[in-house]
Amino acid sequence: MKKKITASDLLVYMIMAVPPIYLALHYTSLPQTIPLHFNFHGADGYGDKSQSWVFISIITVVSFAMYAFLKNISFIDPKRAAASSASLFHKIAVMMVVFLSIVEIIILQAMQGNMFSLEKILLPSMGIFFSVMGNLMLNIKPNYFVGIRVPWTLENDDNWRKTHRLAGKLWFAGGIIASITAIILPYKYAFICFIAIVFVITIIPVIFSYQYFKKHQTS
């Protein structure tokens with residue numbers, strides 16, 4: 001049966017449309033040469049301003065694809081567990097769209113020469129993203145698409161549950177710490193701290209999952 005477009009879908013599509021509309025309204029004010037690539041030093045790659053449309057088009061397509069995928073994940077999940085968490089996956093999908101739209105606007109402002117948004121808003125926004133994901137991760141049921149998807153969690157529901165409880169707490173706390181350091185520290189050091197935090201909160205749950213598997217492995 002063909003699914004109808006809901007009011008929530010329309011709101012999400014409107015959020016997706018904000019960056020392209022923003023670019024259309026400000027395109028003439030962009031300098032002919034704009035920054036297109038960034039690292040912890042700031043901008044390190046440049047190109048013609050027409051490439052801004054390529055950037056926006058790619059991210060908008062990715063945003064739409066991720067939303068459609070997460071919203072319909074229950075229909076393709078072999079474990080069939082996603083159906084019981086449809087509302088949770090929808091929240092994650094909406095959050096992804098909002099986050100990507102914010103990133104697009106920040107990058108577009110950097111293209112206009114406003115590096116403050118890049119240096120003081122991007123990393124805190126990413127930190128908040130990890131915190132929200134951590135909060136949602138506590139209730140993610142076993143599936144093959146979202147979460148800490150390693151062999152040991154996918155094979156054992158208890159391993160999945162305990163690993164995601166730990167990961168949820170780490171991501172929530174790590175996201176808050178990353179946001180605070182991004183506001184306090186200069187961009188270069190905040191960027192390094194952010195990468196380090198992401199590495200730690202990602203690798204610890206994987207190690208925990210493997211140790212849990214070894215501890216409860218039947219001989």
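Axes are lines fitted to C-alpha atoms, for helices over the stretch in contact, and angles run from 0 to 180 degrees between N-to-C directions. The model described here is predicted: local features need pLDDT of at least 70, side-chain atom pairs count only at pLDDT 80 or more, and totals for chains, interfaces and linings use all residues. Residues are numbered from 1 along each chain as its sequence is written, and side-chain values use heavy atoms, with hydrogens and water left out.

**Overall architecture**

The protein has seven helices and two strands; helices (H or I, at least four residues) and strands (E, at least two) are DSSP runs, numbered from the N terminus. Along the sequence, these elements follow the pattern α-β-β-α-α-α-α-α-α. Taken along the principal axes, the C-alpha atoms fill a box of roughly 65 × 50 × 25 Å. The accessible surface comes to about 12,000 Å², and 69% of it belongs to carbon and sulfur atoms; accessible areas come from the Shrake-Rupley method with a 1.4 Å probe, and for residues only the protein chains shown count as cover. Of the 219 residues, 41% are buried, where buried means under 20% relative accessible area, exposed over 50%, and partly exposed in between (1.4 Å probe, protein chains only). Among contacts with a separation of 6 or more, 71% are between residues 24 or more positions apart, a contact being heavy atoms within 4.5 Å.

**Helices α1 and α2**

Helix α1 (residues 7-26) packs with helix α2 (residues 51-71) at an angle of about 170 degrees, and their axes are 10 Å apart. The two helices are therefore roughly antiparallel to each other; angles under 35 degrees count as roughly parallel, over 145 as roughly antiparallel, 65 to 115 as roughly perpendicular and the rest as oblique. On the α1 side the meeting residues include Asp-9, Tyr-13 and Leu-23, and on the α2 side they include Trp-53, Phe-64 and Lys-71.

**Salt bridges**

Side chains of opposite charge can pair when their charged atoms come close. The structure holds two salt bridges, each defined as a side-chain nitrogen of Lys or Arg within 4 Å of a carboxyl oxygen of Asp or Glu.

| Salt bridge | N to O distance |
|---|---|
| Lys-71 and Asp-9 | 2.5 Å |
| Arg-161 and Asp-158 | 2.5 Å |

The pair of Lys-71 in helix α2 and Asp-9 in helix α1 links distant parts of the chain, 62 residues apart. Asp-9 is buried, its relative accessible area being 2%, whereas Lys-71 counts as partly exposed at 24% relative accessibility. Arg-161 and Asp-158, by contrast, both lie in helix α6, three residues apart, about one turn of the helix. Arg-161 is partly exposed, with a relative accessible area of 36%, and Asp-158 is partly exposed at 34%.

Together with Phe-172, Ile-176, Ile-183 and Ile-184, Ile-180 forms a nonpolar surface patch with about 490 Å² of accessible area. Patches are made of residues with over 30% relative accessible area and no salt bridge: like charges are joined within 9 Å, nonpolar side chains (Val, Leu, Ile, Met, Phe, Trp, Tyr) within 5 Å.

**Surroundings of Trp-152**

Trp-152 is placed in helix α5 (residues 151-155). Not counting residues up to four places away in sequence, Trp-152 touches Asn-159, Val-206, Ser-209, Tyr-210 and Phe-213. The C-alpha atoms of Trp-152 and Val-62 are separated by 29 Å, and the two residues lie 90 residues apart along the chain.
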